[in-house]
Amino acid sequence: MTVHTAGAHPYIQERKRRGPPRVADEHEGFNGRVAVFITRLLGTMWAVYLMTALILLWMAVGTWGPLHSVDPYPFAFLLFLGNVAELMLLSIILVGQAVLGRAADKRALQTYQDAEAILHEVGRLHRHLSEQDKVLNRGVSLVEPQPHPWIERRKGVQPVRVAAHYVGLNGRVAAALTRAVGTMWAFYAAAAFQIGWMGLALLGVIRFDPYPFAFMLFMSSLLQLILEFVIMVGQDVLGKAADSRAQQTYLDAEAILHECLQLQHHLELQDEALVRICGYIEEHAAEDHPVRAVQPTQPPLRVRP
């Protein structure tokens, strides 16, 4: 028998099915697998060591070895190859930034829904204790409910999203550039453009930019400079979104802790009422009175992992 019945929050069962959002889940399809492969291949310190060793070896062979006749100091072809690689890798960095943003948005939504479900369950506990007050204390409530003010305010607050922090005209321009360049298609386009340019220049179709492709190197460097600023704008936006999420999570936790303290205080007051009731029973009830009968206990609720 229970003095209070109310349904659990529907999200509790749903979250068991969902599982936590992971960055790897945002890499979808063929392009996502390619991005993951390149990121795992190059996003290690071994790649840094290998690239550093390759550059130093090229410089040494270009100065004193057989590459001296092909690419002597100032190593124009090595500089060109580095520029080509940098432009393509900038696209990969922007892809990773976009993936991190999507994963962060999903985590923010899940954290928001978790807090909402917890507050819902805490509210059920408050109502349950209030119904018990009516039984234990002749209908008089032991505690006056004092919900945290954030509980009501958060109903009008949405989960924090990265896109919401691209504010104004400049923000919309930055978002458009990030969406356009932060894809594997931009990586493929950059690779195809540079390889195609080199091929056409070597075949003599593009005559104004022969080897070592100085004009192409200039355009690549200029584009890299612009994209580096776009990356920094994206980092700033991710930082602002993270700060907003931290503030929202902090307020959610503060409200939950406030409600838990209220529950603890309520339970302590009910303990006092129960002690008085049990003392009265022990003193006045007959040994064979039904109120002394031990009620069968139920097994503890098992929480599925």
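Guide: Let us begin with contact, which means heavy atoms within 4.5 Å. Among contacts in this protein chain between residues at least 6 apart in sequence, 79% join residues at least 24 apart. Please note that the model is predicted: local features need pLDDT of at least 70, side-chain atom pairs count only at pLDDT 80 or more, and totals for chains, interfaces and linings use all residues. Residues are numbered from 1 along each chain as its sequence is written, and side-chain values use heavy atoms, with hydrogens and water left out.

Visitor: How many helices and strands does the protein chain have?

Guide: Helices (H or I, at least four residues) and strands (E, at least two) are DSSP runs, numbered from the N terminus. The protein chain has 8 helices and 0 strands, so that its elements, read from the N terminus, run α-α-α-α-α-α-α-α.

Visitor: What share of the residues in the protein chain is buried?

Guide: Buried means under 20% relative accessible area, exposed means over 50%, and partly exposed lies in between (1.4 Å probe, protein chains only). Of the 305 residues in the protein chain, 32% are buried.

Visitor: How is the packing of two helices described?

Guide: Two packed helices are described by the angle between their axes and the distance between the axes. Axes are lines fitted to C-alpha atoms, for helices over the stretch in contact, and angles run from 0 to 180 degrees between N-to-C directions. Here the axes of helix α3 (residues 45–64) and helix α4 (residues 76–136) come within 10 Å and cross at roughly 160°. Angles under 35 degrees count as roughly parallel, over 145 as roughly antiparallel, 65 to 115 as roughly perpendicular and the rest as oblique. Helices α3 and α4 are therefore roughly antiparallel to each other.

Visitor: Which residues of α3 and α4 meet?

Guide: Ile55, Trp58 and Met59 in α3 meet Phe77, Leu78 and Leu81 in α4. By class, this contact has 6 nonpolar, no polar and no charged residues. For these classes, Ala, Val, Leu, Ile, Met, Phe, Trp, Tyr, Cys and Pro count as nonpolar, Asp, Glu, Lys and Arg as charged, and the others, Gly among them, as polar.

Visitor: How many aromatic pairs does a search of the whole structure find?

Guide: Rings of Phe, Tyr and Trp (its six-membered ring) pair if their centres lie within 6.5 Å; planes under 30 degrees apart count as stacked, over 60 as edge-to-face and the rest as tilted. The search of the whole structure finds 14 aromatic pairs. In one of them, the rings of Phe77 and Tyr211 have centres 5.6 Å apart and planes at 45°, so the pair is tilted. This pair links distant parts of the chain, 134 residues apart: Phe77 is in helix α4, and Tyr211 is in the loop between α7 (184–202) and α8 (214–284). Phe77 is partly exposed at 22% relative accessible area, and Tyr211 is partly exposed at 40%. Trp58, Phe77, Phe80, Tyr211 and Phe213 form one aromatic cluster.

Visitor: With which residues is Ser244 in contact, leaving aside its neighbours within four places in sequence?

Guide: Ser244 lies in helix α8 and is partly exposed, at 26% relative accessibility. Leaving aside those neighbours, Ser244 is in contact with Val160 and His165. The C-alpha atoms of Ser244 and Val160 are separated by 6.7 Å, although these residues are 84 apart along the chain.
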